[in-house]
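Subject: Structure handover

Hello,

Here is the structure I said I would pass on. My notes on it follow below.

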Amino acid sequence: MRVLQDLAALVGAAHVLGAESQTDSYCVDERALYHGRALAVVRPGTRQELVRVMSLCHAAKLAMVPHGGNTGYCGGATPDSSGSQLVISLERLDRIIAIDTVAATLTVEAGVTLADAQAAATAAGLLLPLSMGSQGSCQIGGNLSTNAGGLAVLRYGTARDLTLGLEVVLPDGRLLSQLQGLRKDNTGYDLKQLFIGAEGTLGIISAATLKLFPRPRAMQTVFAAVRDVGAATTLLSHVRAQLGDNVTSCEYLSANAMAQVAALLTDVQRPFTVEYAHYVLLEWAEFGDRHGPSAAHDIEQLFSPPIADGLVLDAVIAHSEKQRLALWRLRENVPAAEKALGGSIKHDISVPLGEVAEYVGRTSTQLLARWPTLRLSVYGHIGDGNVHFNVLAPIELDAAAFKRTHGADISALVHEIAQTMGGSFSAEHGVGLLKRDLLAQYAGGPRLEAMRAIKDALDPGGLMNPGKLL
Ligand code: 2HG
Ligand code: ZN
């Protein structure tokens with residue numbers, strides 16, 4: 001095929017992968033829900049090459065599937081099964097372009113892993129607060145294309161909130177470059193917002209300028225057993241009232257989530273000797289020398305009203321970085337624990353913060369009324385109103401068969417309750433292939449029409465990541 005020869009001439013034959021053995025890993029998503037086939041995988045080595053690759057594809061009317069770290073949960077980076085789509089991998093665009101310690105900004109290419117971007121900020125004495133379990137392999141381009149959330153959204157916001165500038169290659173190969181990183185710029189439509197969260201359907205993000213923050217002097221981490229889900233959000237309000245915006249994370253684990261992860265991580269000591277029904281991992285940042293050596297005493301004081309009120313039943317403080325990381329491992333490994341148990345039916349809902357307890361209660365009751373032996377694995381970013389309401393098949397049944405028979409009904413119920421409570425069916429993992437029908441169902445009317453109009457305006461040939469999102 002002529003275009004493949006042109007691509008090879010452009011990026012080098014070694015970076016146009018054609019054999020199935022080479023393209024395989026680019027054609028299966030992280031959860032192995034989708035198995036596609038690619039015409040080829042092309043790996044441009046510079047942003048200029050990316051521009052020219054996309055111009056060639058546009059001229060040849062070739063569908064393009066942008067591919068980052070492939071850690072997404074919704075099939076957003078997987079080609080379809082036609083074998084006619086070109087996967088464009090951003091992995092070689094892995095340069096740190098600039099770091100500005102005065103403006104506190106970091107400019108990176110799209111293929112830089114989140115961990116490498118964090119390390120670059122750290123080396124400059126600053127903090128890139130975006131963080132998540134997959135940070136060793138997920139890439140900035142994918143983080144922005146899916147508007148990733150992660151573990152510190154409560155304080156720092158999502159990937160969108162951390163983006164000051166963006167460079168995007170449009171479907172026809174034109175470069176839209178706005179990497180200045182200005183904190184104020186009111187010159188018409190803020191176009192970068194269109195591409196953040198667009199899942200590669202409007203163009204390919206090639207670089208970004210991200211906001212950095214002062215590095216905290218210390219993090220304080222408390223793992224608490226709480227009375228119920230409502231106590232978790234009330235506790236957060238209490239702690240925020242005392243510590244203001246320094247609270248960075250408020251993560252929830254149900255008893256089942258905790259039991260699963262404790263069974264997986266046999267080397268991590270459980271925080272409590274008895275089992276509780278609900279747990280919260282709370283973390284806040286300290287700056288300057290406000291606390292000093294009396295930190296533990298201050299924390300005890302901070303927690304004494306919620307303990308007296310019966311909201312907090314027990315709590316442990318991390319006294320060292322090692323203890324802190326051990327507590328975080330409990331939270332971060334819940335997905336791995338589910339996987340080890342044969343996988344879960346995953347949900348990624350959000351509701352207004354004041355409704356989370358009601359949501360979890362109502363959804364649990366309705367699910368268990370219909371499937372009494374279902375194993376609920378509820379956990380997540382409760383401080384953001386975002387709960388992973390995951391569900392494991394009854395232990396006595398085959399997980400795959402159960403999912404085939406009941407998965408759709410279970411998910412419909414989980415999503416419907418979120419919708420009726422003013423929530424979202426996709427709080428952080430995006431839409432991709434997996435939730436496209438849900439977007440059509442729930443976004444509906446003018447919102448969907450506006451999205452389609454934007455898509456048609458920027459990608460009239462429908463070449464960008466076809467079949468995803470819309
Ligand atoms: C997390 O919060 C991730 O750990 C994954 O978003 C959630 O696996 C999941 O369902
Ligand atoms: Zn999550």
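Donors here are N, O and S atoms within 2.8 Å of the metal; water is not among the atoms, so sites may look incomplete. Please keep in mind that this is a predicted model.

Zinc site
The donor residues of the zinc ion (ligand 2) follow the spacing H-x6-H-x39-E in sequence. They are His381 and His388, each through NE2, and Glu428 through OE, at 1.7 to 2.1 Å from the zinc ion. Histidine 381 has 2% relative accessibility and so counts as buried, the cut-off being under 20%. Histidine 388 is also buried, because its relative accessibility is 5%.

Helix pair
Helix H14 covers residues 399-420 and helix H15 covers residues 436-443. Their axes are 12 Å apart, and the two helices pack at an angle of about 30°. H14 is therefore roughly parallel to H15, as angles under 35 degrees count as such. The crossing of H14 and H15 is right-handed. On the H14 side the contact involves His415, Glu416 and Gln419, which meet Leu438, Gln441 and Tyr442 of H15. By type, the residues of this contact are 2 nonpolar, 3 polar and 1 charged.

Serine 254
This residue, serine 254, belongs to strand S13, which spans residues 247-254. Is serine 254 buried or exposed? With 9% relative accessibility, serine 254 counts as buried. Apart from neighbours within four places in sequence, serine 254 has contacts with Ala277, Tyr279, Ser377 and Val378.

Regards

Definitions and conventions. Residues are numbered from 1 along each chain as its sequence is written. Chains are lettered from A and ligands numbered from 1 in the order in which they are written. This is a predicted model: local features need pLDDT of at least 70, side-chain atom pairs count only at pLDDT 80 or more; totals for chains, interfaces and linings use all residues. Side-chain values use heavy atoms; hydrogens and water are left out. Donors are N, O and S atoms within 2.8 Å of the metal (3.2 Å for Na, K and Ca); water is not among the atoms, so sites may look incomplete. Buried means under 20% relative accessible area, exposed over 50%, partly exposed in between (1.4 Å probe, protein chains only). Axes are lines fitted to C-alpha atoms, for helices over the stretch in contact, and angles run from 0 to 180 degrees between N-to-C directions. Helices (H or I, at least four residues) and strands (E, at least two) are DSSP runs, numbered from the N terminus. Angles under 35 degrees count as roughly parallel, over 145 as roughly antiparallel, 65 to 115 as roughly perpendicular and the rest as oblique. A crossing is left-handed if the near helix is turned anticlockwise from the far one by less than a right angle, and right-handed if clockwise. Contact means heavy atoms within 4.5 Å. Ala, Val, Leu, Ile, Met, Phe, Trp, Tyr, Cys and Pro count as nonpolar, Asp, Glu, Lys and Arg as charged, and the others, Gly among them, as polar.
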